[in-house]
Amino acid sequence: MKAVVYQGPRDVAVTDVPDAKIERPTDVLVRVTTTNICGSDLHMYEGRTSFEVGRTFGHENMGEVVEIGSGVEKVKVGDRVVLPFNISCGFCKNCERGLTNYCLTTQPDPSAAGAAYGFAEMGPYGGGQAELLRVPFGDHNALRLGEDAEEKENDYVMLSDIFPTGYHATEMAGVIPGDSVVIAGAGPVGLMAALSATIKGAAKVMVVDRHPDRLALAEQIGAIAIDDSKVDPVQAVLDQTMGLGADRGCECVGYQAHDPQGNEDPAATLNMLINSVRFTGGIGTVGVFVPQDPGAKGELAKQGKAAIDFGTHWFKGQTMGNGQAPVKRYNRRLRDLIAAGKAKPSWIVSHEISLDQAADAYRNFDSRSKGWTKVVIKP
Ligand code: NAD
Ligand code: ZN
């Protein structure tokens with residue numbers, strides 16, 4: 001089958017790889033119909049991780065079931081399904097508590113938790129930027145879609161990751177009706193956090209970034225755009241909240257955050273939120289931060305360190321929730337909002353491409369070329 005394969009830093013190619021196949025009785029095999037490029041793929045694409053040359057990308061996947069293992073009872077051949085990026089078992093100590101983002105069964109490293117398709121440090125699983133995808137524990141992981149699956153494909157595919165991830169940021173921040181919410185980042189994840197806050201009845205949603213095209217997408221759903229290359233975002237949030245600060249903050253950027261001068265500063269967004277969220281307010285951090293690698297040199301040695309103003313965070317009595325999103329906790333209800341026409345996450349899709357165009361798309365998405373917000377691939 002054809003797949004998008006990692007060749008080295010900033011180098012992907014579409015090559016022939018062995019077909020994905022059923023390996024265990026609980027597996028389901030999916031013919032991928034849509035698979036997205038995600039900001040998370042860029043950590044690997046840019047060579048910041050231990051992702052091995054030859055591995056296939058793709059953790060935001062949906063498709064049609066073409067084969068099921070002998071132990072699969074619920075999912076049927078022909079079903080249209082969307083797959084959470086988290087690969088989980090449903091029965092380990094963490095999954096039992098709904099923490100499918102930290103599954104202990106599907107992560108082979110006993111000192112770690114959490115697995116995903118086509119991801120460094122998250123198990124050996126193949127990615128879905130390919131013609132076929134093996135889905136472990138298919139009955140548990142595959143979310144079935146209704147008759148409108150094909151018609152709303154670009155909406156439903158967002159259930160694999162970014163829509164539940166944005167929603168998780170608002171959950172960890174504690175957004176309730178009437179809240180004011182500041183969101184760091186107008187990338188796909190930040191825009192989904194803005195959509196989620198709106199769905200939850202936030203009175204005011206403010207989105208901080210510096211890319212006018214992305215900020216315009218935030219404005220399209222009624223959010224207030226704050227361009228941090230032009231104004232101080234903390235002051236802008238205070239001005240919007242009668243000097244009090246926002247009730248909630250969502251971090252949707254991660255360690256590649258830039259300071260106001262445009263230099264990389266992993267603490268930039270966290271400090272912006274600590275300073276712009278009010279006393280006793282909540283912050284949800286879904287942007288990725290990575291463990292420190294003691295052996296790393298040069299630029300990589302900075303990773304893992306974020307010099308946050310913990311004193312201010314503590315003094316203000318704020319709460320903060322962090323980590324990967326447990327997609328399964330939210331994808332069913334978000335699916336039903338899409339089905340009912342009450343959420344349309346596809347408004348952020350900027351490019352629809354074939355597998356063969358993936359290398360160009362990675363280059364443009366990585367350089368945040370104007371207008372390249374969300375790329376969906378149709379294998
Ligand atoms: P992206 O890189 O497309 O978007 C990030 C945006 O942040 C960019 O538009 C950039 O201009 C902006 N930005 C940079 N510095 C900023 C600052 N100081 N203030 C405000 N905005 C700033 O990425 P994405 O696809 O939207 O993903 C965002 C993050 O979420 C990534 O770290 C990604 O890995 C992570 N993510 C986490 C999960 C999870 O489960 N927790 C899931 C998906 C993605
Ligand atoms: Zn993703």
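Modeller: Helices are DSSP runs of H or I with at least four residues, strands are runs of E with at least two, and both are numbered from the N terminus. The model under discussion is predicted.

Colleague: In which loop is Arg-10 found?

Modeller: Arg-10 is a residue other than glycine, yet its phi is positive, near 55°. Its place in the chain is the loop between β1 (2-8) and β2 (11-16).

Colleague: What is the value of phi for Glu-121?

Modeller: Glu-121 lies in the loop between β5 (80-83) and β6 (132-135). Glu-121 is a residue other than glycine, and its phi is positive, near 60°.

Colleague: Which residues are the protein donors of the zinc ion (ligand 2)?

Modeller: In sequence the donor residues follow the spacing C-x20-H-E-x100-D. The donor atoms are SG, NE2, OE and OD, lying 1.9 to 2.2 Å from the zinc ion, and they belong respectively to Cys-38, His-59, Glu-60 and Asp-161.

Colleague: How many residues apart in sequence are the parts that Cys-38 and Asp-161 tie together?

Modeller: Both residues are donors of the zinc ion (ligand 2). Cys-38 lies in the loop between β3 (28-37) and α1, and Asp-161 in the loop between α3 (153-156) and α4 (162-173), so the pair joins parts whose separation in sequence is 123 residues.

Colleague: How is the site of the zinc ion (ligand 2) with its 4 donor atoms classed?

Modeller: The angles among the 4 donor atoms run from 88 to 138°. Four donors count as tetrahedral if all angles lie between 85 and 135 degrees. The site of the zinc ion (ligand 2) is classed as irregular.

Colleague: What percentage of the area of ligand 1 does the protein bury?

Modeller: A nitrogen atom of ligand 1 has a backbone N or O atom of Val-286 at 2.8 Å. An oxygen atom of ligand 1 lies 3.0 Å from a polar backbone atom of Val-288. Taken alone, ligand 1 exposes 860 Å², of which the protein buries 96%.

How values were computed:
Residues are numbered from 1 along each chain as its sequence is written. Chains are lettered from A and ligands numbered from 1 in the order in which they are written. This is a predicted model: local features need pLDDT of at least 70, side-chain atom pairs count only at pLDDT 80 or more; totals for chains, interfaces and linings use all residues. Side-chain values use heavy atoms; hydrogens and water are left out. A polar contact is a pair of N or O atoms within 3.5 Å; within protein, one must be able to donate a hydrogen and the other to accept it, and residues adjacent in sequence count only if both atoms are side-chain atoms. Accessible areas come from the Shrake-Rupley method with a 1.4 Å probe; for residues, only the protein chains shown count as cover. Donors are N, O and S atoms within 2.8 Å of the metal (3.2 Å for Na, K and Ca); water is not among the atoms, so sites may look incomplete. Four donors count as tetrahedral if all angles lie between 85 and 135 degrees; four count as square planar and six as octahedral if opposite donors are over 155 degrees apart and all others between 65 and 115; anything else is irregular.
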